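Reader: I am new to this structure and would like to learn how to read it. Could you take me through its features in turn?

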Amino acid sequence: MIEIRHLRKSFGGVSVLKDVNAVIGKGEIVSVIGPSGTGKSTLLRCLNLLERPDGGEILFQGVPLLDRHADVPAIRRKMGMVFQHFNLFPHLTVLENVTIGPRKLLNRPPAKATEKALELLEMVGLENKAYALPGELSGGQQQRIAIARALAMEPEVILFDEPTSALDPTMVDEVLSVISELAKTGMTMIIVTHEMRFARNVSSRIFFMEEGRIYEEGTPEEIFESPKRPRTIAFIKRVDMEYFRLPREDFDEPHIRARARALADRHHLSEEQRACFRDVFTCTLRDVVFPVTEKIDLYIGVSQTDGRFGFAVLWDGPFLDPFERVPETAGRIRANCRSAVFSKTDDGRLEVRVVFDR
């Protein structure tokens, strides 16, 4: 249905999307999650060209949207969008808000547009509000009207841009319930959301975005139960994390230890735990990792859900287990922690991850 290739977008010299790549099939429900400011909403706005990308390609049903010959209005009509704020016309009734698009853009006869609109209003549970003005409705009701309005254009894809973020918490469930019912119809949907339980329950796939990229993707089970990459783990499992990117020659162990000590203080780790961490951390970097690479990404974190703590070191290079070089040191490391594993990440980097029990 949609293919995204090397998509880029900047605002005022600030790079918001950096080489985004994805393929979304017909009938898929993809939830896009991640910290604020990582490009999630910008990605949606680029998909229907509310924002013009700076580079890359977007193909919708095989048609390149960025081609100068593309019929963008026709393509956009197939791609409905529900915004954070409802954007209803305040001077039009609910029924008029839902029918104006089909009448003006699809040339539907008024009677047919009205019939379809009433069906949709019944679907979202608001058929009794057809002749009300938006200002007479709650925020949750207005967002349900916005969903009905998007469906009235008979789209093949619907983009939801944080559809509950502007709502009072008491109104969130009514909107999520409508989207969940819509998901059962086979509609292709891309949903930017901070509602993790909803994303897990409704999605066929999850995109986790970080720093303008799709940092990790997978099924809801993969992302929420066994995320593989450090920043996904930090987000999903609420890990308090310190991050360092450094070449070996700039390795400032006292500085790293000071930040690790502050992390340990925040979570009241015992002196025994701190000592064990220091010994294993030093051995791992000095004897295992730095002999095989010049540059690392280092993460040190404590899980706020189960209290486990540890560190991960990532680097680029050939797939050779660094623990095999130093079996005696590797045995000592593994004897003093819950697990110490070497693996290859989905994006081809190498990783040593060490985890301690609370």
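Author: What follows goes through a sheet, a hairpin, some single residues, and then the cavities and pockets. The model is predicted.

Reader: In what order do the strands of the open sheet of four strands lie?

Author: The general idea comes before the case. Strands of a sheet pair through backbone hydrogen bonds, either parallel or antiparallel. Here the open sheet has four strands in the order S2-S1-S4-S5, and the pairing is antiparallel. Strand S2 (14-24) and strand S5 (63-64) are at the edges; each has a single partner strand, so one side of each has no neighbour in the sheet.

Reader: Which helix packs on the sheet, and which strands does that helix touch?

Author: Helix H1 (residues 40-47) packs there, in contact with S1, S2 and strand S4 (55-60). The direction of H1 makes about 115 degrees with that of S1.

Reader: How many bridges pair S1 with S2?

Author: Strand S1 (residues 2-11) is paired with S2 over seven bridges, in the antiparallel sense. To find the place by eye, look for Phe11, which stands opposite Val14 in S2.

Reader: How do strands S14 and S15 pair?

Author: Strand S14 (residues 339-344) and strand S15 (residues 350-356) run antiparallel and are joined by six bridges. They form a hairpin with five residues between them. Gly348, in the turn, has a positive phi of about 90 degrees. Lys344 has Leu350 in S15 as its bridge partner.

Reader: Where does Asp321 lie, and how far is its C-alpha atom from that of Val352?

Author: Asp321 is in the loop between S13 and helix H12 (327-335). The C-alpha atoms of Asp321 and Val352 are separated by 9.2 Å, although the two residues are 31 residues apart along the chain. Asp321 has a relative accessible area of 25% and is partly exposed.

Reader: Is Gln141 buried or exposed?

Author: The cut-off for buried is under 20% relative accessible area. Gln141 has a relative accessible area of 18%, so it is buried. Its place is in helix H5 (residues 139-152). Leaving aside residues up to four places away in sequence, Gln141 touches Leu126, Lys129 and Glu174.

Reader: How many cavities of 30 Å³ or more are there?

Author: The count is two. The largest cavity holds about 200 Å³ of space. It is lined by 17 residues, and Ala260, Arg261, Ala264, Arg274 and Phe277 lie nearest its centre. H10 gives the most to this lining of the largest cavity, with six residues. By class, the lining of the largest cavity has 10 nonpolar, three polar and four charged residues.

Reader: What lines the second largest cavity?

Author: The lining residues include Leu47, Leu65, Ile75 and Met79. Helix H2 (residues 72-77) gives the most to the lining of the second largest cavity, with three residues. The space in the second largest cavity is about 30 Å³.

Reader: How much space lies in the largest pocket, and which residues are closest to its centre?

Author: The largest pocket has about 610 Å³ of space. Of its 22 lining residues, the closest to the centre are Met81, Phe83, Leu105, Arg149 and Met153. Two or more residues each come from H2, strand S6 (79-82), helix H3 (94-105) and H5. The largest share of the lining of the largest pocket, six residues, is from H3.

Reader: Which residues lie closest to the centre of the second largest pocket?

Author: The second largest pocket holds about 460 Å³ of space. Of the 25 residues that line it, Ile233, Lys237, Val239, Arg353 and Val355 are the closest to its centre. S12 gives the most to the lining of the second largest pocket, with five residues.

Conventions:
Residues numbered from 1 in each chain as written. Predicted model: local features only at pLDDT ≥ 70, side-chain atom pairs only at ≥ 80, totals over all residues. Heavy atoms only, no water. Pairing = 2+ DSSP bridges. Contact = heavy atoms within 4.5 Å. Axes fitted to C-alpha atoms, helices over the stretch in contact; angles between N-to-C directions. Buried < 20%, exposed > 50% of the residue type's maximum accessible area, 1.4 Å probe, protein only. 1 Å grid on protein atoms, 1.4 Å probe; cavity = no way out; pocket = protein on both sides within 12 Å on 5 of 7 lines; lining within 4 Å. Points joined across faces, edges and corners; volume = space filled by probe spheres on them. Nonpolar A, V, L, I, M, F, W, Y, C, P; charged D, E, K, R; others polar.
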